[in-house]
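Q: Can you walk me through this model? I'd like the metal site and the aromatic contacts.

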Amino acid sequence: MDLFNPHTDETTNLLPKDGTVNYYGKLFSREKAHFYRDILLNTIEWKNDEAIIFGKLILTKRKVAWYGDQEFEYTYSNTTKKALPWTKELLELKKIIEEKTGETFNSCLLNLYHSGEEGMAWHSDAEKDLKKNGAIGSVSFGAERKFAFKHKESKETVSLILEHGSLLVMKDETQTHWLHRLPPTKTTQKPRVNLTFRTIDLKIL
Ligand SMILES: O=C(O)CCC(=O)C(=O)O
Ligand SMILES: [Fe+2]
């Protein structure tokens, strides 16, 4: 199913069952979105992501960065990362997303896709350090890209386009029952910056 339904808004659950995904559309004017895209490209400490797969250290083309309230250590893909302190713009964005969604976040994982050739494979964000069923606020700047969900059992899919300056929220049981991915595409050579605001569960650290 493709969701290009003009009647959906941020109160519409895009998933038919087993989780909640809300698309808020563009939160920023074109100018403001350009401003955040450029400042994030230039001020974030981007690094190629490291993963250990079958015992081998792999470096991704995509770049990542992790920021948070304190120096949390966060483990995924068998590697441990330490959060950097918030930058001015990340704190501004965190506040805007918290006010929009009524949720709170204590960390943010950022992804930089240099062009449409780079994407992210099917996965769910249910690492043990993340608050269970906590909301994830995903903000996109730069190239518009398709984003897709696939139910783990029924294999149903739902997809949408993430626009420049937009917000998507995944919450409730979404990570337990659905995978998501950012498919690679030949339709753009332009970069995209994605921010996923998350809550690390401090009780288990
Ligand atoms: O780039 C995106 O929109 C999604 C990134 C993502 O799924 C993740 O960082 O876990
Ligand atoms: Fe994800």
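**Rings and metal site**

A: Since this is a predicted model, every value here is computed. Phenylalanine 141 has a relative accessible area of 0%, so this residue is buried.

Q: Which ring does phenylalanine 141 pair with, and what is the geometry?
A: Its partner is phenylalanine 28; the ring centres are 5.8 Å apart and the planes stand at 40 degrees, so the pair counts as tilted.

Q: Is phenylalanine 28 buried or exposed?
A: Buried, because its relative accessibility is 11% and the cut-off is under 20%.

Q: How many aromatic pairs does the structure hold?
A: There are 7. Ring pairs also join Phe28, Phe35, Tyr36 and Phe141 into a cluster.

Q: What lies over the face of tyrosine 113?
A: Arginine 145, at 5.8 Å from the ring centre.

Q: Now the metal. What are the protein donors of the iron ion (ligand 2)?
A: His123 (NE2), Asp125 (OD) and His180 (NE2), lying 2.1 to 2.2 Å from the iron ion. Along the chain, the donors have the spacing H-x1-D-x54-H.

Q: Are histidine 123 and histidine 180 buried or exposed?
A: Both histidine 123 and histidine 180 are buried.

Conventions: Residues are numbered from 1 along each chain as its sequence is written. Chains are lettered from A and ligands numbered from 1 in the order in which they are written. This is a predicted model: local features need pLDDT of at least 70, side-chain atom pairs count only at pLDDT 80 or more; totals for chains, interfaces and linings use all residues. Side-chain values use heavy atoms; hydrogens and water are left out. Donors are N, O and S atoms within 2.8 Å of the metal (3.2 Å for Na, K and Ca); water is not among the atoms, so sites may look incomplete. Buried means under 20% relative accessible area, exposed over 50%, partly exposed in between (1.4 Å probe, protein chains only). Rings of Phe, Tyr and Trp (its six-membered ring) pair if their centres lie within 6.5 Å; planes under 30 degrees apart count as stacked, over 60 as edge-to-face and the rest as tilted. A charge sits over a ring if NZ of Lys or CZ of Arg is within 6 Å of the ring centre and within 35 degrees of the ring normal.
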